[in-house]
Amino acid sequence: MELTGVHKSFGPHAVLRGVDLAVRRRETLVIIGRSGTGKSVALRHVVGLERPNRGEVRVFGHDIQKASRRQIHEIRSRTGFLFQSGALLNWMTIEENVALPLLEHNRRMPPDEVEDRVLAKLKLVGMESARRKLPAQISGGMKKRAALARATVLDPDLVLYDEPTSGLDPVIASTINELINRTREALGTTQIVVTHDMESAYSIADRIAMLCEGRIICLGTPQEIRSSDNPIVQQFIQGKTSGPLALES
Ligand SMILES: Nc1ncnc2c1ncn2[C@@H]1O[C@H](COP(=O)(O)OP(=O)(O)OP(=O)(O)O)[C@@H](O)[C@H]1O
Ligand SMILES: [Mg+2]
């Protein structure tokens, strides 16, 4: 997955201003940055949910701008997406939600096999006993775990996680981090994780990229990020109120 010189504006508001980022096969790359800097927007470009105004987005060798509908479909079938909002469908049970990508991308899969695969993923995230419940009947942490099962049910080559631990208690957050690490070990997936949670970033990242004012201002291993001499990076990772990042920006 590679973004090259990606620019994206919404009306007069320039959000991405030349993002360059290449993700290596089988790595977990974490994107950090302040609220509203365009992390979710960047992630949505990877699956063609946003189109850049300028620049190139390449996924599995395809230029997303030039890809045919069939190629976009192929990219999406090889990519799991855990949306920031969780985005479970409220009128479907947990197991029906997890089965959705299978039904969408593998219409000929026999119902028994769908059921087996859904159950296997729900077991992996410790959710098999809640499989007949509706999203409204389970807690926020359980919803995230169900969304994680859904994002990985196709055994994707690439998984995108948007804030997988936000709003969760620290114990559940570490369970999610473990599941992210386990997913990569089990499936050999490439993963891109957007988060504000530095503890989570350090425990899952091979490399961390920081997005600020529309560009990647720093990219390196957790150790390199920790010892970065960029004051913006230090202010962010230490969570300080004083520094070059203005509060209102
Ligand atoms: N479809 C859209 N139309 C107009 N503006 C948008 C759209 N999507 C995002 N934006 C704007 O782009 C900016 C970046 O949004 P984005 O959701 O990517 O931020 P973020 O870095 O993910 O923030 P957070 O950490 O709070 O999730 C915001 O100012 C947002 O209002
Ligand atoms: Mg976001």
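The buried residues of helix H1 are Lys39, Ser40, Val41, Ala42, Leu43, His45 and Val46. In this predicted model, H1 is thus a mostly covered element, with seven of its eight residues buried. The helix spans residues 39-46. Just after H1, glycine 48 adopts a positive phi of about 75°.

Ligand 1 is surrounded by 15 residues. The closest are Ser35, Gly36, Lys39, Ser40 and Gln84. H1 gives the most to the shell, with four residues. Strand S2 (13-22) and H1 each supply at least two residues of this shell. By class, the shell holds eight polar, four charged and three nonpolar residues.

Polar contacts to the ligand were then examined. A side-chain N or O atom of serine 40 lies 2.8 Å from an oxygen atom of ligand 1. For glycine 38, a backbone N or O atom is 3.0 Å from a ligand oxygen atom. For threonine 37, a polar backbone atom is 3.2 Å from an oxygen atom of ligand 1. Taken alone, ligand 1 exposes 630 Å². The protein buries 65% of that area.

Empty space within the protein was considered next. Rolling a probe the size of a water molecule over the atoms shows where such space is left. The search of the whole structure finds three cavities of 30 Å³ or more. The largest cavity contains about 60 Å³ of space. Its lining is formed by Lys121, Leu124, Val125, Leu148, Ala149, Thr152, Thr183, Ala186 and Leu187. Three helices each supply at least two residues of this lining: H4 (111-124), H5 (140-152) and H6 (170-187). Six of the lining residues are nonpolar, two are polar and one is charged.

The largest pocket has a volume of about 470 Å³. It is lined by 19 residues, of which Phe81, Phe83, Pro101, Glu104 and His105 are the closest to its centre. Helix H2 (69-77), strand S6 (79-82), helix H3 (94-105) and H5 each give two or more residues to the lining. H3 provides the largest share, with four residues. The pocket lining divides into twelve nonpolar, four polar and three charged residues. Phi of glutamate 163 is near 50°, a positive value in a residue other than glycine. Glutamate 163 sits in the loop between strand S7 (158-162) and H6. With 3% relative accessibility, glutamate 163 counts as buried, because buried means under 20%. Glutamate 213 likewise is not a glycine, and has a positive phi of about 50°. Glutamate 213 is placed in the loop between strand S9 (207-212) and strand S10 (215-220). At 55% relative accessibility, glutamate 213 counts as exposed, because exposed means over 50%.

Conventions. Residues are numbered from 1 along each chain as its sequence is written. Chains are lettered from A and ligands numbered from 1 in the order in which they are written. This is a predicted model: local features need pLDDT of at least 70, side-chain atom pairs count only at pLDDT 80 or more; totals for chains, interfaces and linings use all residues. Side-chain values use heavy atoms; hydrogens and water are left out. A residue is near a molecule or strand if one of its heavy atoms lies within 4 Å of it. A polar contact is a pair of N or O atoms within 3.5 Å; within protein, one must be able to donate a hydrogen and the other to accept it, and residues adjacent in sequence count only if both atoms are side-chain atoms. Accessible areas come from the Shrake-Rupley method with a 1.4 Å probe; for residues, only the protein chains shown count as cover. Ala, Val, Leu, Ile, Met, Phe, Trp, Tyr, Cys and Pro count as nonpolar, Asp, Glu, Lys and Arg as charged, and the others, Gly among them, as polar. Buried means under 20% relative accessible area, exposed over 50%, partly exposed in between (1.4 Å probe, protein chains only). On a 1 Å grid over the protein atoms alone, a cavity is a set of points where a 1.4 Å probe fits but cannot get out, and a pocket is an open set with protein on both sides within 12 Å along at least five of seven lines; lining residues have an atom within 4 Å of a point. Grid points are joined across faces, edges and corners, and a volume is the space filled by probe spheres set on the points.
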